[in-house]
Amino acid sequence: TGLTGKVWAFDLSKKRCGLLQRRMKQAGATNVQARCCDFLKVDPQSPAYADVEYLLLDPSCSGSGMIDTQGLDGNQESDADRLARLAKFQLEAICHAFKFPAAVRISYSTCSIHSVENEDVVEAALTVGEALGWRLARCLDRWPRRGDGFNGADRCVRADPLSDLTNGFFVACFERDPAQAAPPLKPEPKPKPSLPKKRKLAPTVPKVASVVAGPNTKATKKQKKRKVNTPIKIQK
């Protein structure tokens, strides 16, 4: 995006968010705003995110592909309940990203070697995203190791610690036709300052009340007869 685009970064960890803020400051990336909050609670319909076109999802995962912490076997004895909880959150993150009205491309990546966090999550996300115009795009076309497990999984990328001599990694990319995305929100024009219009004053007509007081009645203040100077005619 250079320095002309806008980048929003969300992380629930205060430690990681603070680290990101410091690094962006050191890099002079003044257009990056890091926010310590839950991405799932970010409102996609907010005017602040109305022009967001690209989302990069790197959610929490088991880290089973990290050689330095998991070894070459990827800790195959990972807790099934923990993997299920992680997969649930990963799926929610993708489906939440689908809701951004102007989005046209979403990348999803993990450093896991488990299909429950990779292909299974992507396949489940497609059942929701296809109704909104999203499809799975082929990424890193020259990379030989591809995803597996469902029709179209070969559009995803895998890296295997044993075969590729890398950390274990997985990447998927969703995209949709820009015509199916909402157009970017145009800022509302600011009203031009103008002087208040002069009010037309209606002509005032004096109101005269005639009060006849009997011999045994007294006129109230409102009923007092208005005194009028009447000229006296003198006949010769």
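1. The protein chain has five helices and seven strands, where helices (H or I, at least four residues) and strands (E, at least two) are DSSP runs numbered from the N terminus. Read from the N terminus on, the elements run β-α-β-β-α-α-β-α-β-β-α-β.

2. A word on the basis of these remarks: this is a predicted model, in which local features need pLDDT of at least 70 and side-chain atom pairs count only at pLDDT 80 or more, whereas totals for chains, interfaces and linings use all residues. Residues are numbered from 1 along each chain as its sequence is written, and side-chain values use heavy atoms, with hydrogens and water left out.

3. Of the 236 residues in the protein chain, 33% are buried, that is, under 20% relative accessible area, with exposed meaning over 50% and partly exposed in between (1.4 Å probe, protein chains only). The chain exposes about 17700 Å², of which carbon and sulfur atoms supply 55%; the areas come from the Shrake-Rupley method with a 1.4 Å probe, and for residues only the protein chains shown count as cover. Among contacts (heavy atoms within 4.5 Å) with a separation of 6 or more, 71% are between residues 24 or more positions apart.

4. The structure holds eight aromatic pairs, a pair being rings of Phe, Tyr and Trp (its six-membered ring) with centres within 6.5 Å, called stacked if the planes are under 30 degrees apart, edge-to-face if over 60 and tilted for the rest. One of them joins W8 and Y49, whose ring centres are 5.1 Å apart and whose planes lie at 80°, so the pair is edge-to-face. This pair links distant parts of the chain, since W8 is in strand β1 (residues 7-10) and Y49 is in the loop between β2 (32-35) and β3 (54-57), 41 residues apart. Y49 counts as buried because its relative accessibility is 6%, while W8, at 22%, counts as partly exposed.

5. Y49 also pairs with F10, with ring centres 5.9 Å apart and planes at 75°, so this pair too is edge-to-face. Because F10 lies in strand β1 and Y49 in the loop between β2 and β3, the pair ties together parts that are 39 residues apart in sequence. F10 is partly exposed, at 24% relative accessibility.

6. W8, F10 and Y49 belong to one aromatic cluster that also includes F39 and F100. The charged end of K6 sits over the ring of W8, 5.2 Å from its centre, which requires NZ of Lys or CZ of Arg within 6 Å of the ring centre and within 35 degrees of the ring normal.

7. P144 is found in the loop between β5 (135-137) and β6 (157-159) and is exposed, with a relative accessible area of 67%.
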